[in-house]
Amino acid sequence: MDISTIAIANSLILGLSIASIFLVAAIGLTIIYGTAGVINMAHGEFIMLGAYSVYAMQAYFGVPYFLCIPIAFVIVAAIGFVIEKLLIQHLYHRPLDTLLATWGVSLVLIQGTRLIFGSDPKYIQMPGFLASNIELGGISLAAFRIFVIFAALALITLVWFVFYKTDFGIKIRAVTQNREMAAAFGINSKQVYSFTFAFGAGLAGVAGALFGVLNIVLPTMGMGYVVQAFLIVVTGGGALLGSAIASVATGELQSIFAMILNDTFARFLIFILIVVFLRFRPQGLISAGGGRR
Amino acid sequence: MEKNLYHNKKLQWLTYLVVFAVLGSVPLITDDAFLLNQLATYGVYGLLAVSISLCWGSGGILNLGQGIAFGLGAYGMAMTMQMQSQAPGTIPPFMANNALEELPIFWEPFWNTGLGIVLALLVPTLFYLVFGGLMFAARVSGPFFAIMTLAILSALATVFVALQPYTNGVNGISPPGALMIGEVMIDPYSSLAYWVVFALLLFFTFAAKLLNQSRFGLVVRALKDDPERVRFLGYNVAVYETAVYALSGLMAAAAGASFAVLTQYVSPAQFEVGFSIGIVIWAAIGGRNSLLWAMLGAFMVQGAQSYAGDAFLNTWILILGFSFILVVRFLPGGFAGLVETILGRVAERKETEEDFDLESAKGATK
């Protein structure tokens, strides 16, 4: 193997890692947007709350990292559930207003976190065996990034299972396709929306538990993820598979562009490509089933 | 005949005149240089809020990336001012620090003040025309469009940071001198600077108001309610949307250029997502459907931030966030909507009283 093949292989692997991060960030948003049609601008802050939940669990109770991940899910899902009950529920017929209201929510969450935990960076401890680098034939990747790739696969399997193999999933899909008809069959659509929102928020919490290790934990850490996650969802069209494909495509492209140019221009180029792509396919790769309200 | 005084056009114009008369009389009352500069900056924020009200309130195009035109306009003006203080043939110090030997080609036009200002306004407007044209022709609208503007905004911010040798990266450009137009210096701490911003605000607000009341404005408002129906009536919706979006871009660019004159500083912070969404918050709290109220919203929020914000530094963002949530939840029309409702109630009561008088005068017979 000469050097350039190694470089290309390296950047493809790195692209896969970037893709897994995109997907983990976008998966909760995909569910919330794809089923409830809510533009949740507070998604980044849900991620941030997930990271802080892990930090708090570790710092105050000494909970091991792997146990922190499901705890982050539960905590952020609960917060999401309350926000849905208090605010989002009243705005389902005004999609633009959900966008604005959730932006207000994100301001409150950032500042609230800052008041409680302070604005200095926090760090999450991870198990030692994930801190190493794995090398294979000149290709190297941090073990934790490989863990994130597997986590992305696990999460998407989990979501697929919930959506297609459980009663709750059937109800969600029924409400997404036709709310009135679902209601006529005795499904409490309000309740379904609340739990869907909480589920999506919980997944963002898991994302935060993972990203808190990759980056330092700050009250503002969510801001960077929300735009990226939205681009994935919009490009994917709101469906789970669409988001997965969009993550892999943009992740790999970004990694390849970054190898040729540099990181910033790679990101800029991706943005431009997405704009051009949406010009020709505004509904995204795979549009979410059913009529949108 | 309109019963609700809020919808009375003559009264609306009168309110606009009164508000602007008050704003225009400020330099006659005070000559505190710091206050004038601060109020002029509020004027810039007001202009931004008006521009958002035009495209969001009238056209229904939620634009979370108004910082694009604002930032580009500010950079254009800062570049013009930088070159004014530059001896011919030299390059700005930060370029030399970044190992550039010659002036980059796209800086050349800014030697000429007039051309520089025109570019500061034209480049953002053209950008909006192209980007808006692409998006609206593809019928990207509503939340999707909002997300796309946000994406472009953050992309621009990263590019301006990355192009360190050409834009001085995160540090931004701080021209050493005030803007000179011919022999006249626009000192940012003077009543002249205030008048300039005031004139821009006056011009653009009244132009937007006239536009809203024109046939063009009628079509724009119609497409906000139902673009599909407007399309069926034979209008090219994309053209109208692009036009409104680009016009609001021009206003934001003018605001950006004035901002650079007032602060003598520009940095990628002007492209911050939080700032652009802040503009939307001003317009929403004031009332996005009214140009004037959107502008007042900017004054209220920014004023409260400067004066109340110092008192509870940490809780200010919390207060802003909560009030924004409450406005969206309970007052979708902002303060303007509140005033409209109250005036409507008053008109209704008057009407029923009149009816009652009429009935009793007739002897209440049917």
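1. In which elements of chain A is confidence lowest and highest? The structure is a predicted model, in which local features need pLDDT of at least 70, side-chain atom pairs count only at pLDDT 80 or more, and totals for chains, interfaces and linings use all residues. Residues are numbered from 1 along each chain as its sequence is written, while chains are lettered from A and ligands numbered from 1 in the order in which they are written. Confidence in chain A is lowest in E1(A), with a mean of 77, and highest in helix H3 (residues 65-86), with 94. Here pLDDT is the predictor's confidence in each residue, from 0 to 100; helices (H or I, at least four residues) and strands (E, at least two) are DSSP runs, numbered from the N terminus.

2. Chain A has a mean pLDDT of 87, and 97% of its residues reach 70 or more. Residues 289-293 of chain A have a pLDDT below 50, and this stretch has 9 contacts in the model beyond near neighbours in sequence. Two residues are in contact if their C-beta atoms, placed from the backbone, lie within 7 Å. For chain B the mean pLDDT is 87, and 95% of its residues reach 70 or more. For the complex, the predictor gives an ipTM of 0.81 and a pTM of 0.87.

3. The contact between the chains deserves attention. It takes 32 residues from chain A and 34 residues from chain B. On the side of chain A that touches chain B, the elements giving two or more residues are helices H4 (95-117), H9 (223-236) and H11 (263-280) of chain A. H4(A) gives the most, with 14 residues. The residues of this side divide into 24 nonpolar, 5 polar and 3 charged. In this count, Ala, Val, Leu, Ile, Met, Phe, Trp, Tyr, Cys and Pro are nonpolar, Asp, Glu, Lys and Arg are charged, and the others, Gly among them, are polar.

4. The 23 residues of H4(A) should span 33 Å at 1.5 Å a residue, and the end C-alpha atoms are 32 Å apart, which agrees. The expected span is 1.5 Å times one less than the number of residues. After H4(A) comes A:Gly118, with a positive phi near 80°.

5. The largest nonpolar core has 197 residues, and those with the most contacts inside it are A:Ala51, B:Leu48 and B:Ala49. Such a core is a set of buried Ala, Val, Leu, Ile, Met, Phe, Trp, Tyr and Cys residues joined through C-beta atoms within 7 Å. Helix H12 (residues 237-263) of chain B supplies the largest share of this core, 18 residues. Leaving aside neighbours within four places in sequence, the contacts of B:Ala49 include B:Ile279, B:Trp282 and B:Met295.

6. Helix H7 (residues 142-162) of chain B is largely enclosed by the rest of the structure, because 15 of its 21 residues are buried. A residue is buried if 20 or more other C-beta atoms lie within 10 Å of its own, exposed if 12 or fewer, and partly exposed in between, with C-beta atoms placed from the backbone. By contrast, B:Val130 is exposed, with 12 other C-beta atoms within 10 Å; B:Val130 lies in helix H6 (residues 113-137) of chain B.

7. Strands E1 (residues 133-136) and E2 (residues 139-142) of chain A run antiparallel and are joined by 4 bridges. Two strands pair if DSSP finds at least two bridges between them. A:Asn133 has A:Ala142 as its bridge partner, and A:Leu136 stands opposite A:Ile139. The hairpin has 2 residues between the strands, and A:Gly137 takes a positive phi near 55°.
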